[in-house]
Amino acid sequence: MNWLEQFNVWLTTLDNSPENLRLLFVVLLGILGFTFSMAVAMFLRAVFDPVKKRIDVAQQVEDAQTNDRDRYSLLQRVGVSIAPKAEDKKASIIQRLETAGYRSPQAFTLFFGIKLLAFVSVPVLLMVGMVLFSDAQIFDRLVEIILSGVVAFLLPNYWLIRMVRRRQKHLRHALPDALDMMVVCAEAGLGLNAAIQRVADEIGVQHP
């Protein structure tokens, strides 16, 4: 405890010793400056740390995927019940979805969930419209109601075919520009991997 007693004695002499008072002020100022600089360094590191940025982006993507899964979980559960079990048909539809740009693992079951939802909701809406805005009897229009459900069930297939053709058209239009950019990057001295990465970064401006 000698150092504590000496420190107490030194504090009592501050009033009579301006030199000790200046020394204490310098020490406290140094501690304050060191603490402030450390706080600023930790703040800048937290803001500009690339690892933290990648973690934040990954967390945001994971949260968005979780929200999407929660949002469409009912449609997916419904879609599983009517999705084809044969591997060849399943692979064909998955390939078509991927060609259209829908590469999520949940796209297959979600697609059939939408088909079943359309099959049920369109006839119901048609019947409600008949009751509210028409004098026609539902049983007299039963064939039309059933046909509307069948058409609504098949409509997503034609929509998917249209999306596939649309995406293929966009790819055909973008491919010449991408090849031209590849040639420019290769002539500039970039390697194959670097050229592909550069084209991937730049081509999205003109061809999203």
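Good morning. The structure is a predicted model, in which local features need pLDDT of at least 70, side-chain atom pairs count only at pLDDT 80 or more, and totals for chains, interfaces and linings use all residues. Residues are numbered from 1 along each chain as its sequence is written, and side-chain values use heavy atoms, with hydrogens and water left out.

I begin with the chain as a whole. The protein chain has 7 helices and 0 strands, and from the N terminus on its elements run α-α-α-α-α-α-α. Here helices (H or I, at least four residues) and strands (E, at least two) are DSSP runs, numbered from the N terminus. Of the 208 residues, 16% count as buried; buried means under 20% relative accessible area, exposed over 50%, and partly exposed in between, with a 1.4 Å probe and protein chains only. Among contacts in the protein chain with a separation of 6 or more, 60% come from residues 24 or more positions apart, where contact means heavy atoms within 4.5 Å.

Which residues form the largest nonpolar core? This core has 11 residues: Ala83, Ile93, Leu97, Ala100, Ala107, Phe108, Phe111, Phe112, Leu160, Met163 and Val164. A nonpolar core is a set of buried Ala, Val, Leu, Ile, Met, Phe, Trp, Tyr and Cys residues joined through side-chain atoms within 4.5 Å. H5 gives the most, with 4 residues. A second, separate core has 5 residues, including Ala178, Cys185, Val199 and Ile203.

Leu97 counts as buried because its relative accessible area is 4%. Leaving out residues up to four places away in sequence, Leu97 touches Tyr102, Ala107, Phe108, Phe111 and Leu160. The C-alpha atoms of Leu97 and Met163 are 8.9 Å apart, although 66 residues separate the two along the chain. Met163, for its part, is in contact with Ala100 and Tyr102, leaving aside its neighbours within four places in sequence.

How do H4 and H6 pack? Their axes are 8 Å apart and meet at an angle of about 45°; axes are lines fitted to C-alpha atoms, for helices over the stretch in contact, and angles run from 0 to 180 degrees between N-to-C directions. H4 is therefore oblique to H6, since angles under 35 degrees count as roughly parallel, over 145 as roughly antiparallel, 65 to 115 as roughly perpendicular and the rest as oblique. On the H4 side, Arg96, Leu97, Glu98 and Thr99 meet Leu160, Ile161, Val164, Arg167 and Gln168 of H6.

H4 itself has 13 residues and reaches 18 Å from its first C-alpha to its last, close to the 18 Å expected at 1.5 Å a residue; the expected span is 1.5 Å times one less than the number of residues. After H4 comes Gly101, whose phi is positive, near 105°.

Finally, two further residues. Thr109 is placed in helix H5 and counts as buried because its relative accessibility is 16%. Beyond four places in sequence, Thr109 touches Leu75, Gln76, Gly79 and Val80. Ser148 is placed in helix H6 and is buried, with a relative accessible area of 15%. Beyond four places in sequence, Ser148 touches Val122, Pro123 and Leu126. Thank you for your attention.
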